[in-house]
Amino acid sequence: MIKGISDFSAGRVVATIALLIAAFLALDASYTGALAVQAQSGDGKLRIIAFGAHPDDCELQVGGTAAMWAAKGHHVRLVSVTNGDIGHWREAGGPLALRRKKEVEEASRILGSSVTVIDNHDGELMPTLENRYKIIRLIRQWKADLVLSPRPNDYHPDHRYTGILVQDAAYMVTVPFICPDEPPLKNNPVFMYYTDRFMKPNPSAPDIAVSIDSVIDKKLDALAVMESQFLEGGANGHDGLMPKNAQERTRRVKEVRDGHGSRNLNVANRFRDVLKEWYGNDAAAKVRYAEAFEICEYGRRPDKQELKKLFPFF
Ligand SMILES: [Zn+2]
């Protein structure tokens, strides 16, 4: 009987403490976000890890924002989940993989990020358990606050499966006994998708759009060093694209640069309403180039306050 009363009292104390904690968290909605962002990082800086299927996808999708994070001292890692070894119309295999690795290393040097290329064959990526383990370990080793990836609906199977693999790592990065050799993260990071043009089953619906006007030249410089992909046309290129003299080269370099610029112009125009939410109407109207990101439901769900901490540009 006495034991029963004592258990009852202890239960009430625990319940009261739980209610007080819940009330405190409800009073300050940004608290959980602030705690989570601080907790993963030892030096007070953000840790961002971006995944792409091929050595150029991260740079295309988040190269501008990566340069902006890096300029503020935040840590950005760009990961290619395949080595890109069939991504050219004339060459393939090990030498192409090495060439592409050098290209992304040079691009990251320009952007201020760092780079990892996983040695999976291009065009053959599968959402295997082994690859899921690799992604989980990379996210844990990076102690990521924010993880970026393509959506799992995309024209290219490697892009689709990169999206699946990263989604499948969300939450699992916090579970201790999967990949127990690599300590789990205390907090599930925020996972976000890049934008794309695919409409089915649903179109991109970004939660945040970032003006990259201040770093557009840096982004275009970084993309320019990936000559195998852009100047030479990558897997669908042809001999006709190859400059035969200095004049043709100048023309082709400008053509590639303009193409990349207009891609980011299109993102700004397509998601002008999202830009307005973050910059206000007047400033948003002036944004020329943008990158945009959509929250994945399987990571931590940030409120606007936490998104502002993860994207400290507003
Ligand atoms: Zn790709």
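Two strands are taken to pair if DSSP finds at least two bridges between them, where strands (E, at least two residues) and helices (H or I, at least four) are DSSP runs numbered from the N terminus. The structure is a predicted model, in which local features need pLDDT of at least 70 and side-chain atom pairs count only at pLDDT 80 or more, whereas totals for chains, interfaces and linings use all residues. Residues are numbered from 1 along each chain as its sequence is written.

The model contains an open sheet of 7 strands with mixed pairing, in the order S3-S2-S1-S4-S5-S7-S6, and its edge strands, S3 (114-117) and S6 (208-211), each pair on one side only. From one strand to the next the twist averages 25 degrees, angles being taken from 0 to 180 degrees between N-to-C directions, with axes fitted as lines to C-alpha atoms, for helices over the stretch in contact. Strand S5 (residues 190-193) runs antiparallel to strand S7 (residues 290-295) and is joined to S7 by 2 bridges; Met-192 has Ile-295 in S7 as its bridge partner.

Helix H3 (residues 57-71) packs against helix H7 (residues 216-224) at an angle of about 135 degrees, with the axes 9 Å apart. This makes H3 oblique to H7, a class left for angles that are not under 35 degrees (roughly parallel), over 145 (roughly antiparallel) or 65 to 115 (roughly perpendicular). With contact defined as C-beta atoms, placed from the backbone, lying within 7 Å, Glu-59, Leu-60, Gly-63, Gly-64 and Ala-67 of H3 meet Ile-216, Lys-218, Lys-219, Ala-222 and Leu-223 of H7.

Notes
Two residues are in contact if their C-beta atoms, placed from the backbone, lie within 7 Å.
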